[in-house]
Amino acid sequence: MRIQPFQIGPYGTMCYAVYEGNRCVLIDAPFPLSKALSFIKDSGLNLEAIYLTHGHFDHIFGLAEARKAYKALPIYIGEEDLSFITGGYERTIELLKAFDPLFLNRYASPLIGEMPDDFITYGSAVPWFSVIKTPGHTSGSVSLYSEKEGIVFTGDTLFYQSVGRTDLDGNQKELLESLKKLSKLDPETLVFPGHGGATKIGTETKFNPYFRF
């Protein structure tokens, strides 16, 4: 399995093309997604699905581009984060009005009418990954884990030496419980977060100040 990271958009959101042979999935879909989609096309890969780690705006607005290129593409999300996309993305729009009206006006508003609303909610696993529920950053945050490959995609739950914020539909107590779950993974597990560079579970359990249970 190979991983091609992309840092995209005004928040430096990470998107990962994960592929083996000609099969490929994307982890998260920030805007603009053109760089990742061009890589997939130029590499002769078959994009089979997009796996969202959570429903925040900086991880989802590339979905409009993805669905233009791949009309029947399955998109997965944690069930508790469906509220970000139902009702014409009303909740996301309200969140952006308060948090970042510039992002709303410049990027999000022009795309709202093109955004999909037919997401699939995760079970306990998807092709290549087991799904670990890791709420806290959002109610429906998930981490995507491959024991075989020794990798986990944590979205905005866990970063290098830090964790995700909890003031945008988050819960600090739930976040700490999610970190406890992640701390039980093999210390050599590579962590690919939603922002910033990769790290290891063992590094975080030793040095991340939030791993003090």
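Glu204 lies in helix 6 (residues 201-207). Helices here are DSSP runs of H or I with at least four residues, strands are runs of E with at least two, and both are numbered from the N terminus. The model is predicted: local features need pLDDT of at least 70, side-chain atom pairs count only at pLDDT 80 or more, and totals for chains, interfaces and linings use all residues. Residues are numbered from 1 along each chain as its sequence is written, and side-chain values use heavy atoms, without hydrogens and water.

Glu204 is buried (under 20% relative accessible area, 1.4 Å probe, protein chains only). Contacts of Glu204 (heavy atoms within 4.5 Å) include Leu158, Phe159, Tyr160 and Phe211, with residues up to four places away in sequence not counted.

The chain has six helices and 14 strands. Six strands form an open sheet of order 1-2-3-4-5-6 with mixed pairing (two strands pair if DSSP finds at least two bridges between them). Strand 1 (2-8) and strand 6 (120-121) are the edges, each pairing on one side only. Strand 3 (residues 23-27) runs parallel to strand 4 (residues 46-51), joined by five bridges. Leu26 has Ile50 as its bridge partner in strand 4.

Buried residues make up 52% of the 213 residues in the chain. The C-alpha trace spans about 45 × 45 × 30 Å along its principal axes. Of the contacts with a separation of 6 or more, 61% join residues 24 or more positions apart.

Definitions and conventions
Buried < 20%, exposed > 50% of the residue type's maximum accessible area, 1.4 Å probe, protein only. Lys, Arg positive; Asp, Glu negative; His and termini not counted. Salt bridge = Lys/Arg side-chain N within 4 Å of Asp/Glu carboxyl O.
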